[in-house]
Amino acid sequence: MAISVNTNVPSLIAQNSLNRSLSAMEKAMQQLTTGKRINNAGDDAAGLVISENMKVQINGSNKAMDNVQDAQNFAAVAEGGMITIGDHLQRINELLIQGANDTNSTESRKAILVEIKQRLDDINVISQATQFNGRTMLDGSFDPNDPDKQFIVQIGPYSDTANPDNPLNTIDISGAFADCHISVLGIGTTTDSGTVNGIMLPPELDPDNPAFDPTGDNFRLYMDTIQAAVGTVTDARGLLGGYLNRMTANYDNLSIMVENLTTAKSRITDTDVAEASSEMIKQQILEQVSGSMLTQANQLPSLALSLI
C-alpha cells in the first residue's frame with residue numbers, strides 16, 4: 001500500500017466502518033427504546049404496509065365489538081318491554097278465561113273488563129315509553145322493509161358496499177322490534193282522550209258501547225285475539241333472541257380474530273429484545289474497534305515525514 005498524504009484510504013475505510021456501526025447501533029437503541037422493530041418505512045417497507053392493514057382490521061374489530069355490546073344492551077331493553085307486555089297479555093287471557101265462565105254475572109264481567117282496559121292502557125304506555133338513548137323501540141319506529149326504518153348494527157370492521165346482497169359486516173335487527181300498540185296487535189283501539197275510558201274493546205265487550213253484550217262466547221272470541229297477540233309478541237322475542245345469539249357468536253369471533261391479528265402484528269412490528277440487545281452490543285464493539293483503527297489510520301500520513 002502506497003503512503004499518501006493527500007488521500008488517506010485506510011482512514012476513509014475506518015470512517016465508513018465507524019459510521020455504519022454508529023447507524024446500526026442507533027437503530028438498535030431506537031428499537032429497544034420504542035419497543036418497535038419498525039419505526040419508519042425504511043426499517044421494513046413491506047412489513048409496514050402489512051402491519052398498518054392489520055391495524056385497521058384490529059381497531060375496526062374492537063370498535064365493532066363495542067357496537068355489538070351496545071346493540072345487545074339496546075335489544076335487552078326492548079325485550080324487557082316485550083316481557084312486560086307479554087305478562088299483561090297473559091293476565092288478560094286469564095281474565096277472559098275467567099269471564100267466559102257463565103258463573104259470572106254481568107256486573108262481574110264488567111269488573112273483569114275494567115281491569116282488562118287498565119292493562120291495555122299499560123301496554124300502550126309501554127310501547128311508547130320503552131326507549132334507549134332517545135330511540136323508542138316498540139312503537140313501529142323500525143321496519144325491515146323500509147330502508148328509512150331499518151336498524152343496522154355494524155358488526156364487522158369493513159363496509160358491505162361491495163357486496164350489499166350478502167352483508168358480512170352488518171346486520172339488520174329491525175324485524176325483532178314489534179309494534180306493540182294495541183291497535184297494531186289487533187286487541188283494541190285508542191281514542192283521543194288518552195285515558196282508560198279511551199281504550200276501546202270490541203263493541204260487545206265495551207261497557208261504554210251500546211252493543212255491549214258480555215256473553216261467554218264473546219269473551220272466548222276476544223280470547224282468540226289476545227292469544228294471537230301473545231304469539232306476535234313471543235315471535236318477536238324469539239327473533240330477537242336469534243339476533244342476540246348471532247351477535248354473541250360474532251362478538252366471540254371478533255375477539256378471537258383480534259387476538260390472532262394482534263399476535264401476527266406483534267411478530268412483524270415489535271422489537272425482539274434479545275436480538276436488538278445483541279446487535280447493539282455488537283455495534284458498540286465494532287464502534288470501538290473502528291474508532292481505534294481510525295486513530296491508527298490518521299497517523300499513517302505522518303510516516304511520510306520519516307522518508308523525507
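Val 289 is partly exposed, with a relative accessible area of 42%, where partly exposed lies between buried (under 20% relative accessible area) and exposed (over 50%), using a 1.4 Å probe and protein chains only. The model is predicted, so local features need pLDDT of at least 70 and side-chain atom pairs count only at pLDDT 80 or more, while totals for chains, interfaces and linings use all residues. Residues are numbered from 1 along each chain as its sequence is written, and side-chain values use heavy atoms, with hydrogens and water left out.

**Val 289 and its surroundings**

- Val 289 belongs to helix H6, which covers residues 273-299; helices are DSSP runs of H or I with at least four residues, strands are runs of E with at least two, and both are numbered from the N terminus.
- Together with Ile 281, Ile 285 and Met 293, Val 289 forms a nonpolar patch on the surface, with about 360 Å² of accessible area in total.
- Accessible areas come from the Shrake-Rupley method with a 1.4 Å probe, and for residues only the protein chains shown count as cover.

- The 27 residues of H6 should span 39 Å at 1.5 Å a residue, and its end C-alpha atoms are 39 Å apart, which agrees; the expected span is 1.5 Å times one less than the number of residues.
- Buried in H6 are Ala 276, Met 280, Gln 283, Ser 290, Leu 294 and Ala 297, and the buried residues of H6 pack against H1, with contact meaning heavy atoms within 4.5 Å.
- Helix H1 (residues 9-34) has 26 residues and reaches 38 Å from its first C-alpha to its last, close to the 38 Å expected.
- The buried residues of H1 are Ser 11, Ala 14, Leu 18, Ser 21, Met 25, Ala 28 and Gln 31, and their cover includes H6.
- Just after H1, Gly 35 takes a positive phi of about 80°.

**The whole chain**

- The protein chain has seven helices and six strands.
- Its C-alpha atoms fill a box of roughly 140 × 30 × 30 Å, taken along the principal axes.
- Of the 308 residues of the protein chain, 36% count as buried.

Terms used
Patch = residues over 30% accessible without salt bridge, like charges linked within 9 Å, V, L, I, M, F, W, Y side chains within 5 Å. Salt bridge = Lys/Arg side-chain N within 4 Å of Asp/Glu carboxyl O.
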